[in-house]
Amino acid sequence: MNRPRALFSSFRRLMDSESWAMVARALVLAAASGALTGLALLALLPASAALASGGAGRWLVVLACVGAAAAILEFMQIRTGYRGALGFMRTLHHAVGDKIATLPLGWFKADTAGRLSRLSSQELVNLAEATGHFLYSMVSNAASVVVIWIGAWFWDWRLGLLMTFAAPMLALFMNAARRLTARGHALTEPTEEELASRIVEFSRCQGALRSCNAASAGLENAFSTNAKAGRSAMLWSSLGLLMSGTLTQIIVTSMVYLVGLLAVGGEFQPLEAIAAIGMCLRFTTMLDAVSNGLFGLEERRQSLIGIDEVMDAPSQAVPEVSKKQTDPGAVALRDVDFAYESEHPVLRGVSFEVPARSMCAIVGPSGSGKTTIARLISRFYDVDTGSVAVGGADVRELTTEDLMAQLSMVFQDVYLFDDTLEANIRIGSPGADDAELRRAADLAGVTEIVRRLPEGWSSRVGEGGRSLSGGERQRVSVARALLKRAPIVLFDEATSALDAENEAHIVEAMEELRRHSTLLVIAHKLETILAADKVIVLNSRGEVAQEGTHEQLIAVPGTYADFWAQRESAAGWRLVRHTPARQRARSSYPSRP
Ligand code: ADP
């Protein structure tokens, strides 16, 4: 976990310069109006003494002037302060959102969705509120306290002495009370994150949860753990509040007692004593306000630590300008080692090249790292050692825009945005005209979906595309890739064989993609493998076991021959040796012109 930075600097870096300037101005105004309020209270002492001797006029003028100036400054502070807090609220989401967009995909874990949704909805708003409610009030009251404390020394050393003891004592107790509150928060924070994740899971994965009858258990556990932690946290923070509240009362009583003693001893006139008691009461309420402000900010510390963790997470380094691509359309992996978690290597020493405008099939057992290779080419993750080159340039030397311009992806986990069908395809190439869009949709089989849906192209697909079937979602994703016409297409066939109709569309789309682009397919269908110019065979250790054309590979005993025999028997195929397999394959995937 990152070391928690100072509260203030955590706030500061979440603001843009404009809202920071506004907040800083409001803080200066708060300090000035607080100091004037303190002066006005102090002026009550000589004014009341003068009142007793009949010469209060001069002091009343001073009181009125200082009071009016304090009120004007406070008004200015509130205006500027709220504008600053609103600006902060506006920029907070941008600051966190911009940061998240630069993080490598490896940063996003299973609980990230819940954590981020809580952070962006609840915690960021809480923080912005804290600025408006606590920060200014704390600074203003702290300034008043300092002025009254200094003035008290000048007026009567015993009063000054009492205040001098009171403030650090209170600070000490406040600190202890804050620790107790923080202890409570540390208990609830993880349970709240867990609860948010379980709620997100509960709403997203209803089908899976119901099918294994696990719907209620995880969520109920999260609720009861959270409630238990909440009760403990309440106990801790109540204890903290009790401590600071009791101490405040002790200080008030001591002050009133001291002033009473001085009055009885004849050192304060009656009116002066009343004014001094009033000032002491005000002094303690101000101390209380300072401590409340500190408490309020303290309560946000956990949120700030959570935000700090996001803001401090190492971003993926992206160059300002891309390196020149010397071999457009080509893909090459050189000695790539990669692990999602360091103790479980996934790819070991993987090297292969895919020349521009060729078709390469990657085959291997489940879990051998085929999808991982596609993710590394897309730079969703960075390799541990070795390199991945796209168009002849290391992917780490390309800007995200340039890399993504080179690639189209048709992956297994197709995610569609909660928008219309048309928008979901256009995202591949926003500038494409209607004719191009219709052609891509025809080829990928989306036109049939459009005809079926009552609102046609304007039908919304729901969050993640949930109103479409898995096969339909993949067709939309294929149409996107067709429209984009990127030089390199990464294609995961896994779900393409969902149904015969879907498969026919996928075959047709792949033929089209092949005409214009380099095609790297995580292949499952035998036809696809036969049609490839090159087959990369991974073994279960994540190594390239063999590489070559189908004819070359099938001719020798090894992983590929075993794999092929297994697949053939599963598919009910029989390989006829010496039959020009590629010729058969070309009947499905004609070679490019
Ligand atoms: P394939 O596509 O060949 O089935 P993958 O590339 O999906 O294999 O996965 C290779 C290995 O990496 C598997 O053991 C899998 O459990 C693991 N893996 C995949 N994705 C992640 C991830 N996001 N975090 C941790 N491990 C992962």
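**Close-up views of the sheet and the ligand site**

**View 1. An open sheet of four strands.** The strands follow the order β2-β1-β4-β5, with antiparallel pairing. β2 (344-354) and β5 (393-394) are the edge strands; each has a single partner, so one side of each lacks a neighbour in the sheet. Strands are DSSP runs of E, at least two residues, and helices are runs of H or I, at least four, numbered from the N terminus. Two strands pair if DSSP finds at least two bridges between them. This is a predicted model: local features need pLDDT of at least 70, side-chain atom pairs need pLDDT 80 or more, and totals for chains, interfaces and linings use all residues. Residues are numbered from 1 along each chain as its sequence is written, and side-chain values use heavy atoms, without hydrogens or water.

**View 2. Strands β1 and β4.** β1 (residues 331-341) and β4 (residues 385-390) run antiparallel, joined by five bridges. Leu-333 has Val-388 of β4 as its bridge partner. Helix α10 (residues 370-377) packs on the sheet and touches β1, β2 and β4 (heavy atoms within 4.5 Å). Its direction makes about 110 degrees with that of β1 (lines fitted to C-alpha atoms, for helices over the stretch in contact; N-to-C directions, 0 to 180 degrees).

**View 3. The ligand shell.** The ligand is surrounded by 13 residues (a heavy atom within 4 Å). Gly-367, Gly-369, Lys-370, Thr-371 and Thr-372 are the closest. α10 gives the most, with four residues.

View 4. A polar backbone atom of Gly-367 lies 2.8 Å from a ligand oxygen.

Technical notes. A polar contact is a pair of N or O atoms within 3.5 Å; within protein, one must be able to donate a hydrogen and the other to accept it, and residues adjacent in sequence count only if both atoms are side-chain atoms.
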